[in-house]
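Below is a short note for a colleague who will work with this structure. The points cover the ligand site, a hairpin and selected salt bridges.

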Amino acid sequence: MQVVVLGAGVIGVSTAWHLLQRGHEVTLVDRQADAALETSFGNAAQISVSYCEPWANREAPLKALKWLFDPEGPLKFRPQLDPAQWLWGLQFLAQCNDAAFERNVAQLVALGSYSHSALKDMIATTGIEFNRLTKGIAHYYTSQQSFDAAGNAADLMRRHGVNRRVVDRDELLRIEPALRAFGDRIVGGTYTESDESGDCRVFTQALLQRAQLKGLQTLMSHDIVRLQAQGGQARGVVVRDRTSGITRTLHADAYVVACGSYSPALLRQVGVRAPIYPGKGYSATLPLLRPQDAPQVSLLDDQLKVAMSRLGNHLRIAGTIEVGGYDLSLDTPLARTRARMLVRRIEEVFPGVADTRTPEEGGDPQFWCGLRPATPTNIPLIGRTAVQGLWVNAGHGTLGWTHGAGSGKALAELLSGEVPAMDFRFCGMPPSGANGSRMRLHQA
Ligand SMILES: Cc1cc2nc3c(=O)[nH]c(=O)nc-3n(C[C@H](O)[C@H](O)[C@H](O)COP(=O)(O)OP(=O)(O)OC[C@H]3O[C@@H](n4cnc5c(N)ncnc54)[C@H](O)[C@@H]3O)c2cc1C
């Protein structure tokens, strides 16, 4: 089959890879000059199968209200004159209850473990190196009240087959001795040994190169201008070369939309609505001054709701979510506050370990922000749309790196008429597994 994959983030490249593996002829299109230059570029680097709770939970609405006027608040709703944002907000609120939370966790764990084995297979096949660390993820708490609640979350995860251990401070410091300097602030933590970390951009770009050697056709630096459909059937996609300005129409047997936060706008052109809205997040990547004292275990900081991962000779800290449109600026007062907060936290937790100086002071921090393609449930949309021949693989929210390998594999399987071996609600497909039920992407 001839397939055009739209978008070369971790999801699109992984999809293209798995389609090639199944013998399809694949063309990949992206507006950037290389893969993973948008949201897949600077994320927190966690492959966190076991820490996958969605942001929508019973307590989220109250917390979001509390954080509305706090520039350092982890979750910020910034109201826009955009009906899509309000609709998304209402759908998010509908997920803020225990029943929905547990249902969503079950799906996210299923996709996570499927994806983890797909990723391991891909690493074994390709030998790609991406500053991978297989030391697990530890979540540390500085508030006794929050730590007490961590046991309930661990119980819930255990019910879904996830081995998340509650550990006291001493054990946590044995697991990650680099936390020692901050140890007297820590009351305890949780730990999942099987989780990992690694650089999503490096992996995705290397995978793209391997795929090109296997025959992948790429149209990089090409804008995807328009999807075309007629009589309920996908007919083509109009793309424009950003250098020459030349426009042309690509035709294929199937088209996969994997454009992250920009997927809804493309899908809307052919009448398909997708509940995806951008959730802006930030990261700071700092050179290490004392590598021997830097963490190897990837970390979650409960107070600030940020994640930290070691990437070779750098330490990255990332987090916070702003639901406020497609703005990608780093020089607004809010963005500057968030960047400062991230760097300050590194200095508090690992004093003197990384170079936390500002550029004015001679430091070299790399600040970045990206738009998580967030669905109200945090469950991605993988499968067919109501338009024949048009598929979607988007909406991976906070977990696109964790779920990338498996989402790409699952979409390639579905498109090839295979049934992915996991209990998951794919779009437009018959139920798969006990929790499965048909999910439709509506056509307006
Ligand atoms: C601060 C932060 C921390 C995160 N931490 C983690 C983490 O630790 N673990 C984890 O699992 N996930 C994490 N994530 C989430 C993860 O990064 C995303 O879910 C993932 O990158 C989404 O991948 P994607 O391929 O769907 O989107 P993208 O990477 O954005 O790719 C979409 C591609 O489509 C292209 N495109 C879009 N529109 C067009 C158009 N019209 N024409 C041409 N090209 C187009 C873009 O150029 C882009 O390359 C984090 C995200 C953020 C922001």
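The numbered points below describe a predicted model.

1. Ligand shell. The ligand is surrounded by 35 residues, the closest being Asp-30, Ser-40, Gln-46, Gly-397 and Thr-402. By class, this shell holds 14 nonpolar, 16 polar and five charged residues.

2. An oxygen atom of the ligand lies 2.6 Å from a polar side-chain atom of Asp-30. The side chain of Asn-43 places an N or O atom 3.0 Å from an oxygen atom of the ligand. With Ile-224 the backbone is involved: one of its N or O atoms is 2.8 Å from a nitrogen atom of the ligand. The ligand taken alone exposes 1,000 Å², and the protein buries 97% of that area.

3. Elements around the ligand. Two or more shell residues come from each of α1 (10-21), β10 (222-230), β14 (277-287), β18 (366-374) and α10 (400-415). Strand β18 gives the largest share, four residues.

4. Hairpin β19/β20. Strands β19 (residues 381-384) and β20 (residues 390-394) run antiparallel and are joined by four bridges. Ile-382 stands opposite Asn-393 in β20. Five residues lie between the two strands of this hairpin, and Gly-389 in the turn has a positive phi of about 85 degrees.

5. Salt bridge Glu-38 to Arg-31. The whole structure contains 22 salt bridges. In the one between Glu-38 and Arg-31, the closest N and O atoms are 2.9 Å apart. Glu-38 is partly exposed, at a relative accessible area of 27%, and Arg-31 is partly exposed with a value of 27%.

6. Salt bridge Arg-345 to Asp-301. The closest N and O atoms of this pair are 2.7 Å apart. Arg-345 and Asp-301 are both buried.

7. Salt bridge Arg-338 to Glu-322. Here the closest N and O atoms are 3.0 Å apart. The pair links distant parts of the chain, with Arg-338 in helix α9 and Glu-322 in strand β17 (residues 314-323), 16 residues apart. Both Arg-338 and Glu-322 are buried.

Terms used: Residues are numbered from 1 along each chain as its sequence is written. This is a predicted model: local features need pLDDT of at least 70, side-chain atom pairs count only at pLDDT 80 or more; totals for chains, interfaces and linings use all residues. Side-chain values use heavy atoms; hydrogens and water are left out. A residue is near a molecule or strand if one of its heavy atoms lies within 4 Å of it. A polar contact is a pair of N or O atoms within 3.5 Å; within protein, one must be able to donate a hydrogen and the other to accept it, and residues adjacent in sequence count only if both atoms are side-chain atoms. Accessible areas come from the Shrake-Rupley method with a 1.4 Å probe; for residues, only the protein chains shown count as cover. Ala, Val, Leu, Ile, Met, Phe, Trp, Tyr, Cys and Pro count as nonpolar, Asp, Glu, Lys and Arg as charged, and the others, Gly among them, as polar. Two strands pair if DSSP finds at least two bridges between them. A salt bridge is a side-chain nitrogen of Lys or Arg within 4 Å of a carboxyl oxygen of Asp or Glu. Buried means under 20% relative accessible area, exposed over 50%, partly exposed in between (1.4 Å probe, protein chains only).
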